Amino acid sequence: MKKEIVVSGIRPTGNLHLGNYFGAMRNYVRMQEEYDCYFFVADWHSLTTHPDTKELRNSVLHVLAENIAAGLDPGKVCLYVQSTVPEIAELYLNLNMLAYKGELEKTPTFKDKVRLQPDNVNTGLLTYPVLMAADILIHRAKYVPVGKDQEQHLEITRNFAQRFNHRYGELFPEPKAFNFGESLLKVPSLDGAGKMSKSENQFATLYLADDNDLIRKKVMKAKTDSGPTTPHSEMPDYIQNLFQLMQLVSEESTVQKFREDFNNAAIRYGDMKKQLAEDMVAFITPIREKAESIRRDEAYLKKVVEQGAEKARESARETIAQTRKLVGLNYF
Ligand code: TYM
(Lines give C-alpha, C1' and ligand atoms only; values in the text may rest on other atoms or scores of the structure.)
Protein backbone atom coordinates (compact mmCIF):
# COMPACT_ATOMS: atom_id res chain seq x y z
CA MET A 1 0.00 0.00 0.00
CA LYS A 2 1.19 3.50 -0.80
CA LYS A 3 2.13 5.45 2.31
CA GLU A 4 0.54 8.81 3.03
CA ILE A 5 2.73 11.83 2.32
CA VAL A 6 4.07 14.15 5.00
CA VAL A 7 5.95 17.43 4.49
CA SER A 8 7.44 19.92 6.92
CA GLY A 9 10.20 22.52 7.06
CA ILE A 10 12.30 24.57 9.45
CA ARG A 11 13.91 27.95 8.71
CA PRO A 12 17.68 28.14 9.27
CA THR A 13 17.46 31.44 11.13
CA GLY A 14 19.15 30.56 14.41
CA ASN A 15 19.68 27.70 16.80
CA LEU A 16 16.83 25.22 17.13
CA HIS A 17 15.08 25.18 20.47
CA LEU A 18 12.69 23.10 22.54
CA GLY A 19 9.70 24.63 20.72
CA ASN A 20 11.01 23.37 17.39
CA TYR A 21 11.74 20.01 18.94
CA PHE A 22 8.40 19.36 20.61
CA GLY A 23 6.25 21.28 18.11
CA ALA A 24 7.80 19.74 15.02
CA MET A 25 10.89 17.49 15.16
CA ARG A 26 9.54 14.98 17.66
CA ASN A 27 6.61 14.41 15.32
CA TYR A 28 8.94 14.03 12.34
CA VAL A 29 10.80 11.26 14.11
CA ARG A 30 7.64 9.45 15.06
CA MET A 31 6.17 9.76 11.58
CA GLN A 32 9.20 8.47 9.71
CA GLU A 33 8.27 4.82 10.11
CA GLU A 34 4.70 4.98 8.87
CA TYR A 35 4.62 7.79 6.32
CA ASP A 36 6.40 8.87 3.19
CA CYS A 37 8.20 11.86 4.70
CA TYR A 38 9.76 14.95 3.15
CA PHE A 39 11.50 17.25 5.61
CA PHE A 40 13.50 20.26 4.55
CA VAL A 41 15.47 23.32 5.59
CA ALA A 42 13.53 26.38 4.42
CA ASP A 43 16.49 28.51 3.30
CA TRP A 44 14.48 30.61 0.82
CA HIS A 45 12.02 31.50 3.55
CA SER A 46 14.85 32.63 5.80
CA LEU A 47 15.87 35.27 3.23
CA THR A 48 12.66 37.23 3.89
CA THR A 49 14.19 38.66 7.06
CA HIS A 50 17.50 39.56 5.36
CA PRO A 51 19.87 37.50 7.52
CA ASP A 52 23.65 37.73 7.16
CA THR A 53 24.00 35.18 4.37
CA LYS A 54 27.62 34.46 5.34
CA GLU A 55 26.08 32.48 8.20
CA LEU A 56 23.59 30.64 5.99
CA ARG A 57 25.73 27.62 5.14
CA ASN A 58 26.59 26.99 8.75
CA SER A 59 22.95 27.43 9.82
CA VAL A 60 21.66 25.05 7.17
CA LEU A 61 24.19 22.35 8.09
CA HIS A 62 23.47 22.89 11.75
CA VAL A 63 19.70 22.43 11.28
CA LEU A 64 20.34 19.23 9.31
CA ALA A 65 22.70 17.91 11.99
CA GLU A 66 20.26 18.68 14.80
CA ASN A 67 17.41 16.96 13.01
CA ILE A 68 19.47 13.85 12.47
CA ALA A 69 20.68 13.99 16.08
CA ALA A 70 17.06 14.20 17.21
CA GLY A 71 16.41 10.87 15.52
CA LEU A 72 15.62 11.52 11.85
CA ASP A 73 17.09 8.86 9.63
CA PRO A 74 18.00 10.22 6.15
CA GLY A 75 17.80 6.63 4.94
CA LYS A 76 14.10 6.56 5.80
CA VAL A 77 12.98 10.12 5.10
CA CYS A 78 13.79 12.53 2.33
CA LEU A 79 15.82 15.24 4.06
CA TYR A 80 16.66 18.16 1.77
CA VAL A 81 17.30 21.86 1.39
CA GLN A 82 14.45 23.88 -0.14
CA SER A 83 16.60 25.81 -2.65
CA THR A 84 17.92 22.57 -4.18
CA VAL A 85 14.42 21.92 -5.54
CA PRO A 86 13.72 24.67 -8.13
CA GLU A 87 10.35 23.06 -8.97
CA ILE A 88 9.08 24.61 -5.71
CA ALA A 89 9.72 28.07 -7.17
CA GLU A 90 7.72 27.18 -10.26
CA LEU A 91 4.74 26.04 -8.22
CA TYR A 92 5.06 29.18 -6.08
CA LEU A 93 4.80 31.25 -9.24
CA ASN A 94 1.63 29.43 -10.27
CA LEU A 95 0.06 29.74 -6.84
CA ASN A 96 0.82 33.47 -6.76
CA MET A 97 -1.77 33.91 -9.49
CA LEU A 98 -4.35 32.43 -7.13
CA ALA A 99 -3.31 34.43 -4.05
CA TYR A 100 -4.89 37.80 -3.33
CA LYS A 101 -3.02 40.76 -1.92
CA GLY A 102 -5.80 41.52 0.58
CA GLU A 103 -5.81 38.06 2.14
CA LEU A 104 -2.02 37.95 2.38
CA GLU A 105 -1.96 41.35 4.08
CA LYS A 106 -4.35 40.02 6.69
CA THR A 107 -2.14 37.04 7.64
CA PRO A 108 -1.15 37.46 11.32
CA THR A 109 2.48 36.42 10.70
CA PHE A 110 2.76 39.12 8.02
CA LYS A 111 1.33 41.73 10.37
CA ASP A 112 3.84 40.65 13.05
CA LYS A 113 6.73 41.04 10.63
CA VAL A 114 5.53 44.48 9.54
CA ARG A 115 5.64 45.45 13.21
CA LEU A 116 9.05 43.86 13.79
CA GLN A 117 10.80 45.07 10.65
CA PRO A 118 8.96 48.16 9.34
CA ASP A 119 11.91 49.07 7.10
CA ASN A 120 11.89 45.75 5.30
CA VAL A 121 8.34 44.93 4.27
CA ASN A 122 9.39 43.09 1.11
CA THR A 123 7.05 41.15 -1.15
CA GLY A 124 8.72 37.90 -0.12
CA LEU A 125 7.30 38.48 3.34
CA LEU A 126 3.87 39.15 1.90
CA THR A 127 3.92 35.98 -0.18
CA TYR A 128 5.59 33.88 2.53
CA PRO A 129 2.44 31.73 2.90
CA VAL A 130 2.35 31.15 -0.87
CA LEU A 131 5.88 29.75 -0.85
CA MET A 132 4.96 27.64 2.13
CA ALA A 133 1.90 26.30 0.28
CA ALA A 134 4.19 25.45 -2.64
CA ASP A 135 6.53 23.57 -0.27
CA ILE A 136 3.65 21.44 0.91
CA LEU A 137 1.72 20.97 -2.31
CA ILE A 138 4.81 20.14 -4.37
CA HIS A 139 4.76 16.64 -2.83
CA ARG A 140 0.95 16.58 -2.55
CA ALA A 141 1.21 16.11 1.18
CA LYS A 142 -1.64 15.07 3.38
CA TYR A 143 -0.12 15.85 6.79
CA VAL A 144 2.13 18.66 7.96
CA PRO A 145 3.64 18.28 11.45
CA VAL A 146 4.01 21.82 12.83
CA GLY A 147 3.56 23.86 15.99
CA LYS A 148 0.52 25.97 16.73
CA ASP A 149 2.06 29.14 15.25
CA GLN A 150 1.80 27.60 11.75
CA GLU A 151 -1.89 26.72 11.92
CA GLN A 152 -3.03 29.69 9.84
CA HIS A 153 -0.48 28.98 7.15
CA LEU A 154 -2.01 25.54 6.77
CA GLU A 155 -5.46 27.05 6.40
CA ILE A 156 -4.14 29.30 3.63
CA THR A 157 -2.48 26.30 1.98
CA ARG A 158 -5.81 24.46 1.93
CA ASN A 159 -7.44 27.49 0.30
CA PHE A 160 -4.83 27.56 -2.45
CA ALA A 161 -5.15 23.82 -3.02
CA GLN A 162 -8.92 24.20 -3.37
CA ARG A 163 -8.60 27.14 -5.71
CA PHE A 164 -6.14 25.33 -7.94
CA ASN A 165 -8.29 22.21 -8.05
CA HIS A 166 -11.37 24.25 -8.80
CA ARG A 167 -9.82 26.36 -11.53
CA TYR A 168 -7.61 23.82 -13.30
CA GLY A 169 -8.67 20.35 -12.17
CA GLU A 170 -8.25 18.02 -9.21
CA LEU A 171 -4.60 17.61 -8.22
CA PHE A 172 -3.92 18.56 -4.62
CA PRO A 173 -5.17 16.96 -1.40
CA GLU A 174 -6.03 19.44 1.35
CA PRO A 175 -3.19 19.10 3.85
CA LYS A 176 -3.75 19.12 7.58
CA ALA A 177 -1.54 20.40 10.38
CA PHE A 178 -0.51 17.43 12.49
CA ASN A 179 0.59 16.65 16.01
CA PHE A 180 0.59 13.36 17.89
CA GLY A 181 -1.84 14.08 20.68
CA GLU A 182 -5.00 16.13 20.32
CA SER A 183 -3.83 19.63 19.61
CA LEU A 184 -0.95 21.57 18.07
CA LEU A 185 1.68 22.60 20.56
CA LYS A 186 2.95 25.97 21.68
CA VAL A 187 6.02 25.58 23.89
CA PRO A 188 6.09 28.61 26.22
CA SER A 189 9.15 30.70 26.94
CA LEU A 190 10.77 30.68 30.38
CA ASP A 191 9.88 34.29 31.16
CA GLY A 192 6.17 33.62 31.14
CA ALA A 193 5.64 35.84 28.08
CA GLY A 194 5.02 34.31 24.67
CA LYS A 195 6.64 31.27 23.12
CA MET A 196 10.17 30.01 22.70
CA SER A 197 11.64 31.53 19.58
CA LYS A 198 14.84 31.34 17.48
CA SER A 199 15.41 35.07 17.41
CA GLU A 200 13.41 36.75 20.18
CA ASN A 201 13.90 36.51 23.98
CA GLN A 202 16.99 34.30 23.77
CA PHE A 203 17.50 34.00 27.52
CA ALA A 204 13.97 32.66 27.93
CA THR A 205 14.45 30.04 25.22
CA LEU A 206 16.24 26.72 25.69
CA TYR A 207 18.27 25.81 22.61
CA LEU A 208 19.30 22.31 21.66
CA ALA A 209 22.89 23.66 21.48
CA ASP A 210 22.92 25.18 24.99
CA ASP A 211 25.57 23.79 27.34
CA ASN A 212 24.60 22.42 30.73
CA ASP A 213 25.53 25.52 32.72
CA LEU A 214 23.57 27.78 30.43
CA ILE A 215 20.52 25.51 30.64
CA ARG A 216 20.71 25.61 34.44
CA LYS A 217 21.15 29.38 34.49
CA LYS A 218 18.18 29.97 32.19
CA VAL A 219 15.86 27.67 34.11
CA MET A 220 16.86 29.08 37.50
CA LYS A 221 16.11 32.59 36.22
CA ALA A 222 12.57 31.66 35.14
CA LYS A 223 9.94 33.87 36.67
CA THR A 224 8.29 32.62 39.88
CA ASP A 225 6.89 34.26 43.00
CA SER A 226 6.77 33.48 46.71
CA GLY A 227 4.28 30.67 46.12
CA PRO A 228 0.61 30.10 46.93
CA THR A 229 -0.49 30.96 50.45
CA THR A 230 -3.69 28.89 50.47
CA PRO A 231 -4.36 25.35 49.17
CA HIS A 232 -5.83 25.02 45.68
CA SER A 233 -4.95 28.58 44.70
CA GLU A 234 -5.25 29.64 41.10
CA MET A 235 -2.00 29.01 39.25
CA PRO A 236 -0.39 32.08 37.61
CA ASP A 237 0.35 31.61 33.91
CA TYR A 238 4.16 31.76 34.35
CA ILE A 239 3.92 28.84 36.80
CA GLN A 240 1.63 26.93 34.43
CA ASN A 241 4.35 27.42 31.82
CA LEU A 242 6.93 25.83 34.10
CA PHE A 243 4.64 22.86 34.64
CA GLN A 244 4.07 22.60 30.91
CA LEU A 245 7.84 22.49 30.33
CA MET A 246 8.26 19.95 33.08
CA GLN A 247 5.58 17.82 31.49
CA LEU A 248 7.73 17.63 28.35
CA VAL A 249 10.96 16.37 29.89
CA SER A 250 10.33 15.04 33.41
CA GLU A 251 8.87 11.83 34.76
CA GLU A 252 5.12 11.90 35.28
CA SER A 253 5.63 11.17 39.01
CA THR A 254 7.88 14.23 39.34
CA VAL A 255 5.29 16.52 37.76
CA GLN A 256 2.64 14.99 39.97
CA LYS A 257 4.67 15.60 43.12
CA PHE A 258 5.13 19.30 42.39
CA ARG A 259 1.47 19.66 41.42
CA GLU A 260 0.47 18.22 44.77
CA ASP A 261 2.92 20.53 46.53
CA PHE A 262 1.34 23.45 44.72
CA ASN A 263 -2.17 22.38 45.63
CA ASN A 264 -1.12 21.98 49.26
CA ALA A 265 0.48 25.45 49.18
CA ALA A 266 3.77 23.75 50.06
CA ILE A 267 5.68 24.14 46.84
CA ARG A 268 9.29 25.39 46.77
CA TYR A 269 9.87 26.88 43.37
CA GLY A 270 13.65 26.77 43.86
CA ASP A 271 13.45 22.97 44.18
CA MET A 272 11.09 22.71 41.25
CA LYS A 273 13.41 24.73 39.02
CA LYS A 274 16.45 22.72 40.12
CA GLN A 275 14.64 19.52 39.17
CA LEU A 276 13.46 20.99 35.88
CA ALA A 277 16.99 22.18 35.09
CA GLU A 278 18.45 18.71 35.68
CA ASP A 279 15.76 17.05 33.59
CA MET A 280 16.38 19.56 30.78
CA VAL A 281 20.13 18.88 30.95
CA ALA A 282 19.50 15.14 30.75
CA PHE A 283 17.21 15.68 27.78
CA ILE A 284 19.30 18.15 25.77
CA THR A 285 22.84 16.81 26.35
CA PRO A 286 22.66 13.70 24.13
CA ILE A 287 21.05 15.65 21.26
CA ARG A 288 23.65 18.44 21.53
CA GLU A 289 26.58 16.04 21.62
CA LYS A 290 25.33 13.98 18.72
CA ALA A 291 24.55 17.09 16.66
CA GLU A 292 28.07 18.43 17.23
CA SER A 293 29.64 15.25 15.94
CA ILE A 294 27.33 15.05 12.88
CA ARG A 295 27.96 18.74 12.10
CA ARG A 296 31.70 18.03 11.90
CA ASP A 297 31.16 15.30 9.31
CA GLU A 298 30.64 17.48 6.27
CA ALA A 299 31.22 14.66 3.79
CA TYR A 300 28.27 12.84 5.33
CA LEU A 301 26.07 15.96 5.33
CA LYS A 302 26.93 16.61 1.68
CA LYS A 303 25.77 13.11 0.84
CA VAL A 304 22.53 13.61 2.77
CA VAL A 305 21.81 16.89 0.95
CA GLU A 306 22.56 15.44 -2.49
CA GLN A 307 20.54 12.32 -1.91
CA GLY A 308 17.67 14.40 -0.48
CA ALA A 309 17.63 16.77 -3.46
CA GLU A 310 17.47 13.88 -5.86
CA LYS A 311 14.51 12.25 -4.17
CA ALA A 312 12.67 15.52 -3.54
CA ARG A 313 13.09 16.61 -7.15
CA GLU A 314 11.78 13.33 -8.45
CA SER A 315 8.54 13.84 -6.56
CA ALA A 316 8.45 17.58 -7.39
CA ARG A 317 8.98 17.02 -11.12
CA GLU A 318 5.99 14.74 -11.23
CA THR A 319 3.76 17.40 -9.62
CA ILE A 320 5.08 20.10 -11.95
CA ALA A 321 4.41 17.93 -15.01
CA GLN A 322 0.83 17.55 -13.83
CA THR A 323 0.36 21.25 -13.02
CA ARG A 324 1.67 22.22 -16.45
CA LYS A 325 -0.75 19.85 -18.06
CA LEU A 326 -3.73 21.03 -15.99
CA VAL A 327 -2.93 24.73 -16.34
CA GLY A 328 -2.45 24.24 -20.09
CA LEU A 329 1.24 25.05 -20.34
CA ASN A 330 2.18 21.92 -22.28
CA TYR A 331 2.10 23.09 -25.88
CA PHE A 332 3.41 20.06 -27.74
P1 TYM B 1 10.04 27.75 12.04
O2 TYM B 1 11.37 27.59 11.43
O3 TYM B 1 9.74 29.06 12.73
O4 TYM B 1 9.78 26.62 13.10
C5 TYM B 1 9.96 25.24 12.77
C6 TYM B 1 8.89 24.40 13.44
O7 TYM B 1 8.93 24.58 14.87
C8 TYM B 1 7.63 24.93 15.34
N9 TYM B 1 7.77 25.84 16.50
C10 TYM B 1 7.15 25.67 17.67
N11 TYM B 1 6.29 24.71 18.09
C12 TYM B 1 5.85 24.80 19.36
N13 TYM B 1 6.23 25.78 20.22
C14 TYM B 1 7.08 26.77 19.85
N15 TYM B 1 7.47 27.69 20.72
C16 TYM B 1 7.57 26.74 18.51
N17 TYM B 1 8.41 27.53 17.80
C18 TYM B 1 8.52 26.97 16.57
C19 TYM B 1 6.96 25.62 14.17
O20 TYM B 1 5.55 25.59 14.29
C21 TYM B 1 7.46 24.80 13.00
O22 TYM B 1 6.70 23.64 12.84
N23 TYM B 1 7.11 28.73 8.13
C24 TYM B 1 7.79 27.67 8.86
C25 TYM B 1 8.78 26.89 8.00
C26 TYM B 1 8.18 26.31 6.77
C27 TYM B 1 7.28 25.20 6.72
C28 TYM B 1 7.00 25.00 5.33
C29 TYM B 1 6.69 24.38 7.68
C30 TYM B 1 8.40 26.72 5.50
N31 TYM B 1 7.68 25.95 4.62
C32 TYM B 1 6.15 23.98 4.91
C33 TYM B 1 5.84 23.36 7.26
C34 TYM B 1 5.57 23.17 5.89
C35 TYM B 1 8.57 28.30 9.99
O36 TYM B 1 8.92 29.46 9.94
O37 TYM B 1 8.90 27.43 10.98
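This is a predicted model: local features need pLDDT of at least 70, side-chain atom pairs count only at pLDDT 80 or more; totals for chains, interfaces and linings use all residues.

Q: How do E1 and E2 pair, and over how many bridges?

A: Strands E1 (residues 5-10) and E2 (residues 36-41) pair in the parallel sense over 6 bridges. Strands (E, at least two residues) and helices (H or I, at least four) are DSSP runs numbered from the N terminus, and two strands pair if DSSP finds at least two bridges between them. Ile5 has Asp36 in E2 as its bridge partner, and Ile10 has Val41.

Q: What does E2 pair with over 4 bridges?

A: That is E3, again in the parallel sense. The bridge partner of Tyr38 in E3 is Cys78.

Q: How many residues of E1 are buried?

A: In E1, 5 of the 6 residues are buried, so the strand is largely enclosed by the rest of the structure. Buried means under 20% relative accessible area, exposed over 50%, and partly exposed in between, with a 1.4 Å probe and protein chains only. E2 also has 5 of its 6 residues buried, so the rest of the structure largely encloses it.

Q: Which unit do E1, H1 and E2 make?

A: A right-handed β-α-β unit. Right-handed means that, with the strands pointing away from the viewer, the path from the first strand over the helix to the second runs clockwise.

Q: Switching to H4. Which of its residues are buried?

A: In helix H4 (residues 87-96), they are Glu87, Ile88, Leu91, Asn94 and Leu95. Down the axis of H4 these fall within an arc of 120 degrees, so they line one face of the helix. The arc is that of the directions from the helix axis to the C-beta atoms.

Q: And what do they pack against?

A: Among the partners of the buried residues of H4 are helix H8 (128-137), helix H9 (151-168) and helix H14 (298-327). H8 is mostly covered, with 10 of its 10 residues buried.

Q: Where does Asn179 lie?

A: Asn179 is in the loop between strand E5 (176-178) and helix H10 (212-220). With a relative accessible area of 11%, Asn179 is buried.

Q: What does its side chain make a polar contact with?

A: The side chain of Asn27, at 2.9 Å. A polar contact is a pair of N or O atoms within 3.5 Å; within protein, one must be able to donate a hydrogen and the other to accept it, and residues adjacent in sequence count only if both atoms are side-chain atoms. The backbone oxygen of Ser183 lies 2.6 Å from a polar atom of the Asn179 side chain.

Q: Last one, the ligand. How many residues surround it?

A: There are 27, the closest being Arg11, Tyr128, Asp135, Asp149 and Lys198; the cut-off is a heavy atom within 4 Å. A polar side-chain atom of Lys198 lies 2.5 Å from a ligand oxygen atom, and one of Asn20 lies 3.0 Å from an oxygen atom of the ligand. For Tyr128, a polar side-chain atom lies 2.7 Å from a nitrogen atom of the ligand.

Definitions and conventions: Residues are numbered from 1 along each chain as its sequence is written. Side-chain values use heavy atoms; hydrogens and water are left out. Contact means heavy atoms within 4.5 Å.
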